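User: Please take a close look at the charged side chains in one part of this model. Then set that part in the context of the whole chain.

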Amino acid sequence: METIPILGLVLVLCEFYTFQAVRQITKSKLMKRLYVIISVLVIAYIAYGLSQFDRHHAKNHQSMVAMALVVLVYLPKLLIALLLIFEDLTRVVRGIFSFFKRTKEERSEQESFLPGRRKFVANIALGVAAIPFLSVLHGITIGRYKFQVYKHIIEFDDLPEAFDGFKITHLSDIHCGSFDNKEKIEYAIDLINQQESDALLFTGDIVNSVADEMTPWLDVFKKIKSYRYGKYSILGNHDYGDYVNWDTKEERDANFKAICDISPALGFKLLRNENVWFEKDGQRIALVGVEDWGVKFMQYGDLDKASEGVEAKDFKILMSHDPSHWDAQIRGHKKNFQLTLAGHTHGSQFGIEIPGFIKWSPIQYVYKQWAGLYENLGKYIYVNRGFGYHAYQGRTGIWPEITVIELKRKK
């Protein structure tokens with residue numbers, strides 16, 4: 001509750017300074033009034049949309065649109081406000097120097113202590129603000145379905161020779177309750193099926209909260225082909241139904257069971273703190289699936305239980321939804337998990353990625369491993385950027401991901 005006055009102040013500053021920029025670039029009363037009317041309508045819809053959020057229901061389309069509008073409208077306005085606040089600070093400094101340089105008579109004749117606003121600064125502010133506005137608009141209209149295939153080769157000293165070249169398609173964070181374009185999802189399924197992999201692994205969050213969210217999409221996801229070594233899944237934090245206020249425990253339990261039943265309905269084997277073996281030419285590797293465990297979220301996962309019957313010398317692929325699990329328990333675990341697959345972060349659905357130059361997202365200040373491949377002392381974690389989207393109805397700079405990982409034995 002303490003953050004509400006702060007957010008209110010930020011909102012007021014954004015609106016005040018953006019209107020100052022509009023006043024600087026146009027003298028037309030019609031344009032100014034039109035800006036005010038549009039701003040009022042946007043604020044009204046945001047307030048309405050956020051008021052429709054109901055934890056008794058998983059589908060909150062109006063709330064998602066409202067969140068998208070917050071990012072689309074107020075990120076640019078925040079940049080405008082920051083630039084004009086900086087200009088005001090320079091105006092104060094210039095005013096102080098000018099004041100002491102003037103004579104007493106000149107001071108009395110001076111109309112204002114502060115120098116006037118400079119129009120070119122307002123033009124720069126609006127030009128800079130157009131960049132995030134257009135980027136977010138692209139993320140809402142196109143980016144959320146801009147599926148990318150990321151391919152990686154990872155080498156291991158202890159990979160059994162029979163599995164040299166073994167390929168995995170890795171998916172995470174489907175969040176089917178957010179989708180609204182069947183054609184785009186069918187295209188993504190085709191992309192998945194085009195990858196020549198040996199197994200398909202899904203690391204959780206198939207829904208937003210409620211099992212019924214998958215009902216309209218069952219036939220689409222059933223089109224995912226079969227794999228020689230099978231399709232496997234684990235649960236993510238959204239798959240427990242904990243973000244809905246259930247009237248009774250029985251309703252919550254029934255929903256959770258229905259979510260667990262989605263995996264076999266799609267041809268996946270759901271691993272709940274358990275493991276299976278892949279065997280080839282007399283050699284084998286273990287696939288370990290742990291329930292959700294996060295430093296800042298629920299902790300249902302049990303690594304010891306999940307890895308029963310598996311030895312430290314065995315090669316293992318671990319599926320764990322939340323990447324914070326890696327540093328907290330996995331990396332130093334006595335069972336020696338060589339490769340961990342995770343998701344959860346979505347890369348914040350917002351950031352900048354230019355391979356070889358920059359990789360930034362606000363989520364990196366929360367999660368040390370937030371997107372892509374990370375290594376420590378010969379152990380690896382891959383964090384999938386997510387197949388779907390949630391809360392913010394878009395993806396800006398961090399595109400939805402289908403991952404293909406090829407395991408190689410070091411020569």
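Analyst: **A charged group on one helix**

Arg252 is partly exposed, with 23% relative accessible area; here buried means under 20%, exposed means over 50%, and partly exposed is in between (1.4 Å probe, protein chains only). This is a predicted model, in which local features need pLDDT of at least 70 and side-chain atom pairs count only at pLDDT 80 or more, while totals for chains, interfaces and linings use all residues. Residues are numbered from 1 along each chain as its sequence is written, and side-chain values use heavy atoms, with hydrogens and water left out.

Arg252 forms a salt bridge with Asp253, where the closest N and O atoms are 3.9 Å apart. A salt bridge means a side-chain nitrogen of Lys or Arg within 4 Å of a carboxyl oxygen of Asp or Glu. Asp253 also meets Lys249 in a salt bridge, with 2.7 Å from N to O. Both Asp253 and Lys249 belong to helix α8, which covers residues 249-265, and they are four residues apart, about one turn of the helix. Helices (H or I, at least four residues) and strands (E, at least two) are DSSP runs numbered from the N terminus. An α-helix has 3.6 residues a turn, so residues three or four places apart point the same way.

**Across the chain**

The structure holds 15 salt bridges. One of them joins the side chains of Asp164 and Lys411, at 3.3 Å from N to O. Asp164 lies in the loop between β1 (148-156) and β2 (166-171), and Lys411 lies in the segment after β14 (401-409), so this pair ties together parts that are 247 residues apart in sequence. Asp164 is partly exposed, with a relative accessible area of 26%, while Lys411 is exposed at 88%.

The protein has 10 helices and 14 strands. Of its 411 residues, 49% count as buried. Among contacts (heavy atoms within 4.5 Å) with a separation of 6 or more, 75% are between residues 24 or more positions apart. The C-alpha trace spans about 100 × 50 × 40 Å along its principal axes.

**Two domains**

An automatic or database domain assignment gives domain 1 (2-142) and domain 2 (148-409). To their contact domain 1 gives 17 residues and domain 2 gives 18 residues. The C-alpha centres of the two domains lie 40 Å apart. Between them domain 1 and domain 2 bury about 1500 Å², with 61% of that on carbon and sulfur atoms; buried area is the accessible area (1.4 Å probe) that two parts lose on being put together, summed over both. The number of salt bridges between domain 1 and domain 2 is zero.

Helix α5 (residues 119-141) has 23 residues and reaches 33 Å from its first C-alpha to its last, close to the 33 Å expected at 1.5 Å a residue, where the expected span is 1.5 Å times one less than the number of residues. Buried residues of α5 include Val121, Ala125, Pro132 and Ile140.

An unreviewed UniProt entry annotates residues 166-347 as "domain: Calcineurin-like phosphoesterase"; such positions are given in the numbering used here, feature names are shortened, and annotations may be inferred rather than shown by experiment. The span is 25% helix and 20% strand, and the end C-alpha atoms of residues 166-347 lie 27 Å apart.

**Two positive phi angles**

Most residues other than glycine have a negative phi. His175 is not a glycine, although its phi is positive at about 50°. His175 is in the loop between β2 and α6 (182-194), and at 0% relative accessibility it counts as buried. Leu377 likewise has a positive phi, of about 55°, without being a glycine. Leu377 is in the loop between β12 (372-376) and β13 (379-383), and at 79% relative accessibility it counts as exposed.
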